Amino acid sequence: MKEKEMEESLVMIWGTTALACLTGVSAATDLLKGKIYNAVTVTGLLFGVGFSLQRGGAAGLLEVLCAVAFTVMALWPFYRAGGLGAGDIKLLAAVSSFMTSEEYLRCFAGAFVIGACLGLVRLAGTGGKQHKVHFAVPVAASVFLHMAGVF
């Protein structure tokens, strides 16, 4: 393996590991504490920006900024309506920093589909009573399904 290929492989391993930790820890704290901590999402975003810079240079940074802006603008109405928390939006913004736009849009949509399915199951299980879906779980599931090559 050439030195350049080895460096690119290490960058991908580093990025994949950081993304798995970001989403896994966020899902765990959301389930256990009902919170997605800023220390996790901000650290994840910083790692993601570094990953994007390493992978794509200035163009990678621009792609991250656009993805973060898209995330905030698309989800702001849901936050204002009380359907999503600020931590959910910050988590998705951090996730976007590790992916190309195409990959992120698939994971973004996947998280909402998985979240809707979980919500329907919970709704049926509670007899139609109000409930909460810990959205970091569908985000993590979507990211892990993406890593497994499902979408």
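This is a predicted model: local features need pLDDT of at least 70, side-chain atom pairs count only at pLDDT 80 or more; totals for chains, interfaces and linings use all residues.
What does M99 touch, once you leave aside its neighbours within four places in sequence? M99 is in contact with L19, R55, Y104, C107, V143 and H146. As for V95, it is one of the buried residues of α3.

## A mostly covered helix

Now have a look at α3, which runs over residues 86–96. This helix is mostly covered, with nine of its eleven residues buried. Those are G87, D88, I89, L91, L92, A93, A94, V95 and S96.

And what do they pack against? The buried residues of α3 pack against α1, α2 (38–80), α4 (101–125) and α5.

## How α1 meets α5

Helix α1 (residues 3–33) packs against helix α5 (residues 136–147) at an angle of about 155 degrees, and their axes are 8 Å apart. Angles over 145 degrees count as roughly antiparallel, so α1 is roughly antiparallel to α5. The crossing of the two is left-handed.

On the α1 side, the contact is made by T16, L19, A20, T23, G24, S26, A27, D30 and L31. From α5 come A136, V137, V139, A140, V143, F144 and M147. Sorted by class, the contact has eleven nonpolar, four polar and one charged residues. Two of the names here, L19 and V143, also turn up among the contacts of M99.

Notes
Residues are numbered from 1 along each chain as its sequence is written. Side-chain values use heavy atoms; hydrogens and water are left out. Axes are lines fitted to C-alpha atoms, for helices over the stretch in contact, and angles run from 0 to 180 degrees between N-to-C directions. Helices (H or I, at least four residues) and strands (E, at least two) are DSSP runs, numbered from the N terminus. Angles under 35 degrees count as roughly parallel, over 145 as roughly antiparallel, 65 to 115 as roughly perpendicular and the rest as oblique. A crossing is left-handed if the near helix is turned anticlockwise from the far one by less than a right angle, and right-handed if clockwise. Contact means heavy atoms within 4.5 Å. Ala, Val, Leu, Ile, Met, Phe, Trp, Tyr, Cys and Pro count as nonpolar, Asp, Glu, Lys and Arg as charged, and the others, Gly among them, as polar. Buried means under 20% relative accessible area, exposed over 50%, partly exposed in between (1.4 Å probe, protein chains only).
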